[in-house]
Amino acid sequence: MTMKVVNIYEAKARLSEYLDAVAAGERVLICKRNHPVAELRAIPAARTSLRPVGRAAGRLQVPAAFLDPLPDDVMNGFAGVEEPPRAVNRPARAAEPPAGCRVSARRRRSK
């Protein structure tokens with residue numbers, strides 16, 4: 001396969017000739033100030049026949065658990081059902097200060 005190297009000006013002037021060359025199997029490298037910027041090449045032909053079925057027979061092992069039903073929480077997630085919130089262990093709040101202790105109002109509100 002041969003490759004033609006052309007500058008942008010020449011590619012613009014003779015584009016149809018270069019497209020014919022590409023269709024014949026050549027590649028055209030387009031340069032800007034002698035630095036490559038693009039390459040014209042043919043696109044491979046699209047498949048016209050159907051792919052054969054069963055070429056991977058025996059290569060895939062499906063575990064027996066594949067057909068088991070999914071857990072309820074997963075199924076509920078697909079259906080959009082929310083799970084009830086789980087109990088969260090939170091630290092206990094500090095007890096009220098003993099009577100007679102002076103605590104500022106700001107500190108009392110922060111609890």
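In which loop is Phe66 found? Phe66 lies in the loop between strand E3 (35-40) and helix H3 (72-79), where helices (H or I, at least four residues) and strands (E, at least two) are DSSP runs numbered from the N terminus. The structure is a predicted model, in which local features need pLDDT of at least 70 and side-chain atom pairs count only at pLDDT 80 or more, whereas totals for chains, interfaces and linings use all residues. Residues are numbered from 1 along each chain as its sequence is written, and side-chain values use heavy atoms, with hydrogens and water left out.

The mean pLDDT (the predictor's confidence in each residue, from 0 to 100) is 82 for the chain, with 73% of residues reaching 70 or more. Where pLDDT is low, the predicted coordinates should not be read in detail.

The largest nonpolar core comprises six residues, Val6, Ala11, Tyr18, Val22, Val28 and Ile30, such a core being a set of buried (under 20% relative accessible area, 1.4 Å probe, protein chains only) Ala, Val, Leu, Ile, Met, Phe, Trp, Tyr and Cys residues joined through side-chain atoms within 4.5 Å. H2 and E2 each supply at least two residues of this core. When residues up to four places away in sequence are not counted, Tyr18 touches Lys4, Val6, Glu10, Ala11 and Val28, contact meaning heavy atoms within 4.5 Å.

Phe66 counts as exposed (over 50%) because its relative accessibility is 59%.
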